[in-house]
Amino acid sequence: MDYTATVEEENKEIANRYKDLLKGTYEVLSKEDKELIRKAFDLAVEAHSSQRRKTGEPYIYHPIAVAKIVAMEIGLGATSIASALLHDVVEDTKYTVEDIEQMFGTTIARIVSGLTKISRLNKEKNASIQAENFRKMLLTLYDDVRVILIKIADRLHNMQTMDAMPDDKQVKIASETLYIYAPLAHRLGLYNIKTELEDLGLKYTEPDVYNEIENKIKESKQDQQKYLQRFTDTLKSGLDKENFSYEIKGRFKSIYSIRKKMRTQNVTFDEVYDKYAIRIIYYPSSNDDKFDAWKIYTIVTDYFKPNPTRLRDWISQPKSTGYEALHITVVGPDAEWVEVQIRSERMNEIAEKGYAAHFKYKQGDQKESGLENWLNKLKETLESQSLNAVDFVEDFKLNLYSKEIYVFTPKGDLKSLPKDASALDFAFSIHTDVGLKCRGAKVNGKLVPLSHILKSGDQIEVITSSANKPNSRWLDFVITARAKTKIRAALKDDEKQVAEEGKAVLMRKLRHLKINFDDKVINELVAYFKLRTSFDLFYRFGNGAIDNTQLKAFVAQRNGAIVNFFKSKLRRSNSAKDIPEATDEVSPKYDALVFGKEEEKLDYKLSKCCNPIAGDKVFGFVTINDGIKVHKKNCPNAISLQSNYAYRIMSAKWIDSTKQDFKAILHIAGLDNQGIVNNVTRIISNNMSVFINSINITGDEGFFDGKISLSVKNSAQLNKLIKKIQKVEGVKKVERVNTL
């Protein structure tokens with residue numbers, strides 16, 4: 001329907017919406033607060049006066065709607081309401097951040113600046129503008145969480161009014177919403193907004209699925225209401241007997257959560273077993289609202305049989321978002337499963353308004369809330385500037401939607417970690433140095449490897465060694481952003497050291513071959529070995545990936561016939577244009593695909609349903625007649641294959657073979673001098689990027705004999721190590737063998 005309204009009607013509507021905004025604020029506004037909001041409103045009306053939304057409506061409707069969400073649904077105060085009214089002024093009109101600062105002060109100017117998108121980027125950066133915008137917005141998160149809260153309100157209103165946009169824009173915005181804004185709302189405790197964002201995201205990304213579920217819910221609405229009424233009537237009689245003051249709300253679960261269950265459990269709509277949810281919101285009869293919650297729990301379970309595996313106690317240990325509630329799933333009338341959520345009025349307010357309600361209820365010397373805790377943990381990730389924007393956002397996202405487990409330190413302190421976190425994640429959560437020097441861990445008194453997946457209730461003791469260093473395999477079994485960031489930073493430091501050694505090696509070898517070590521020759525070598533930067537070149541000389549034979553082949557090609565000279569000159573000139581300035585980063589070549597924990601190279605075919613390319617996240621599927629087929633992890637068939645044929649799935653990943661570790665076994669024998677084993681292991685540990693997997697050495701009447709299993713990069717590195725071990729006093733024999 002086309003938009004038609006006169007200027008008079010529009011002005012009247014703007015005034016009504018403004019009054020509605022002031023009426024519905026969560027906090028009581030002082031005279032100064034109202035003046036600040038009015039000043040922001042007047043400026044926004046003037047600045048956006050010539051702008052229209054895609055629907056044809058005045059643009060000012062949007063900032064007022066965002067301010068209303070901020071005031072009513074999130075419950076923020078005057079500063080946030082004023083910032084929400086001004087959130088698009090700098091981006092879309094002649095006003096600058098400096099103007100806002102002059103009129104409204106530094107706090108509102110900083111919030112508005114955080115909400116203003118980056119419009120363009122230096123093309124040479126080869127960066128994603130969207131990712132850079134996320135980075136900019138997220139970097140303001142620790143300084144002022146209100147930036148994110150207003151951005152979430154902005155996104156919610158955009159999603160609510162997206163019908164007038166073209167299809168491709170709808171899908172793009174909805175995908176971004178599901179990718180980062182809904183998880184952000186979840187993490188900040190805004191469960192109502194999170195649910196609405198998810199449902200609206202699904203509406204535009206999978207309209208057919210959304211409409212089908214929505215229609216089925218509508219069709220059964222009458223039956224649902226009758227069912228929920230029967231259930232609540234039974235509960236009311238029990239609660240009234242105990243003189244509780246309460247409110248019961250019954251609802252169908254959200255469309256998005258039903259879709260998620262259908263997908264993860266591989267079932268139809270009718271087979272989803274807990275589509276109903278009942279919420280009991282009680283007004284505590286004493287100062288201890290937890291005691292009342294458990295009392296209500298016993299009343300519910302007196303009437304309905306609970307599923308013991310589905311009890312969620314977030315009262316004894318609240319979520320890191322601050323969420324508190326008891327969740328139980330019970331068998332209701334007609335043997336239907338019903339989820340019952342038990343919350344006090346305070347808990348309910350925190351669940352719906354998150355951040356704002358936290359600080360309303362926080363008193364005196366209470367411990368910091370889960371949200372503040374999370375923000376403090378997040379600070380390190382946010383301050384890490386070394387990642388490109390896409391990786392930064394990906395790492396940040398790891399902190400958002402993860403389900404939590406609760407584990408104990410040796411002293412009995414409780415720590416929360418994401419579900420599927422490893423012992424190494426736990427070590428990094430204690431302290432960066434503990435993580436970097438972690439050698440192993442004891443879980444419930446038993447020694448386990450670093451990759452051991454933790455479960456709620458585990459007690460973990462970290463074993464460290466000052467000689468220990470991280471290696472690239474660690475990235476495969478950590479899931480927290482903090483651990484990934486710290487491991488990457490440590491690996492980069494190691495790469496710099498290897499590159500320094502490699503530069504010295506290359507300089508020496510070129511001098512020996514009577515070739516000058518200068519920019520021209522370095523550029524030729526970079527182009528010849530198909531690398532991106534001189535740093536890549538030095539690193540590969542340092543770890544032995546490029547050996548003497550390859551260097552001599554380069555020299556022969558360089559000194560060849562006149563045709564080759566022109567070809568190489570042409571290649572140099574072309575590649576010189578493409579070679580960026582050297583950066584402290586070894587560019588991955590993704591030239592090999594490996595399978596399983598042992599990272600074996602096997603024959604495979606790329607599946608045609610998703611056409612994976614080098615660098616994609618993939619898995620292998622063992623077919624009956626066609627060997628291993630490789631699929632992308634987000635392949636349309638992935639869920640079906642993983643659900644129905646889990647036993648045929650193989651883990652797989654693309655690697656840079658010049659950075660791959662290989663297992664090598666050395667047989668060592670000699671005279672059993674005091675400390676000889678210590679001397680041998682010290683040489684191995686001090687050798688860059690070489691790791692000991694196992695040692696088995698025995699002594700007998702003055703002689704020792706044994707085997708050491710190592711992880712090495714290549715044969716050149718192994719040969720260099722063998723020569724060093726041979727020089728240890730007492731070692732008589734070092735040879736490479738095939739078996740332990």
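1. Helix 9 and helix 11 cross in a left-handed manner (left-handed if the near helix is turned anticlockwise from the far one by less than a right angle, right-handed if clockwise). The residues of the contact are Ile152, Arg155, Leu156, Met159 and Gln160 from helix 9, with Ile193, Glu196, Leu197, Leu200, Gly201 and Tyr204 from helix 11; contact means heavy atoms within 4.5 Å. These residues comprise 7 nonpolar, 2 polar and 2 charged (Ala, Val, Leu, Ile, Met, Phe, Trp, Tyr, Cys and Pro count as nonpolar, Asp, Glu, Lys and Arg as charged, and the others, Gly among them, as polar).

2. This is a predicted model, in which local features need pLDDT of at least 70 and side-chain atom pairs count only at pLDDT 80 or more, while totals for chains, interfaces and linings use all residues. Residues are numbered from 1 along each chain as its sequence is written, and side-chain values use heavy atoms, with hydrogens and water left out.

3. The axes of helix 9 (residues 146–160) and helix 11 (residues 191–205) cross at roughly 40° and come within 10 Å. Axes are lines fitted to C-alpha atoms, for helices over the stretch in contact, and angles run from 0 to 180 degrees between N-to-C directions. Helix 9 is therefore oblique to helix 11 (under 35 degrees is roughly parallel, over 145 roughly antiparallel, 65 to 115 roughly perpendicular, and the rest oblique).

4. The protein has 29 helices and 20 strands; helices (H or I, at least four residues) and strands (E, at least two) are DSSP runs, numbered from the N terminus. Of its 740 residues, 46% are buried (buried is under 20% relative accessible area, exposed over 50%, partly exposed in between, with a 1.4 Å probe and protein chains only). Among contacts between residues at least 6 apart in sequence, 67% join residues at least 24 apart.

5. The whole structure contains 0 disulfides, a disulfide being a pair of cysteine sulfur atoms within 2.5 Å. Cysteine 609 is in none, and its nearest cysteine sulfur, that of cysteine 635, lies 3.5 Å away. Cysteine 609 is partly exposed at 37% relative accessibility, whereas cysteine 438 is buried at 1%.

6. Isoleucine 683 belongs to helix 28 (residues 676–686) and is partly exposed at 25% relative accessibility. Apart from neighbours within four places in sequence, isoleucine 683 contacts Leu721, Lys724, Ile725 and Val728.
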